[in-house]
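Here is a short report on one protein chain. Look at the sequence and the structure first, then read on.

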Amino acid sequence: MELDNIVVTKLFNILTIPIAQGRKIQMTDRYGYGLTFCATKGGRIHYYYQDGTYLSDYDHAVLLPMGRDYSLEGICKGDFPLINFYCEQSLNNQEFAVFELSTPEYYLQTYEQIRNLSLYDRPFCNARAMSLFYDMLSHLMLASKDNNPLLLPAVSYMEKNYANPELTVEKIASQAHISVGYFHRMFKEQYSISPKKYILNARMAKAKELLIGKSY
């Protein structure tokens, strides 16, 4: 499922669903897209769609397609946060997508912020929730399994250290054992943004998050 150029029009039904071991659910013509995580270490769900099996656990997020029939089964009990959303237009490939998470805590914390903001029916809260969701999607794009494997050590290092004022592109490139110029070109080709711009955006989002926290 492609996330590039995605335009989200609405977030709705943001909730955490407890799934017991052995519980089975059948979904028919899913009413929107969904992004789900696992908040419980050891928790596990299998989604079954056509001939495929898709895993949701503490280290893997799943993007659920709209308009599809599928089933799920609780393999190990756990709590599974879910964000439902609509897009301006259908995503290019309306199939399941699984994302490996290098920093699950970030996604769970961001989910809680979005869920709390959704409790207030105010334009400012809705806009902030949408901003956080886009930030989450950008992190998922960086974590996509389709990425150039040569970049993965550097991308993981960026995600964990973007707030460090001493972080430099030189340090990031060294994690992949490639030159700064080569890393910059590959990163921009893969993510359509420069490494410095990504770091700046991540820091600005974190600063906004802290300001929001102080206002409540």
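Gln50 sits in the loop between strands β4 (44-49) and β5 (52-57). Strands (E, at least two residues) and helices (H or I, at least four) are DSSP runs, numbered from the N terminus. Gln50 is exposed, with a relative accessible area of 66%. Exposed means over 50% relative accessible area, buried under 20%, and partly exposed in between (1.4 Å probe, protein chains only).

This is a predicted model: local features need pLDDT of at least 70, side-chain atom pairs count only at pLDDT 80 or more, and totals for chains, interfaces and linings use all residues. Residues are numbered from 1 along each chain as its sequence is written, and side-chain values use heavy atoms, without hydrogens and water.

| Residue | Phi |
|---|---|
| Asp29 | about 50° |
| Gln50 | near 55° |

Asp29 lies in the loop between β2 (24-27) and β3 (33-36).

Now the whole chain. The protein chain has 6 helices and 9 strands. Of its 216 residues, 44% are buried. Helix α1 (residues 104-118) has buried residues too, among them Tyr106, Leu108 and Ile114.

How confident is the predictor? pLDDT is its confidence in each residue, from 0 to 100. The mean pLDDT of the protein chain is 85, and 87% of the residues reach 70 or more.

Terms used: pLDDT = per-residue confidence, 0-100.
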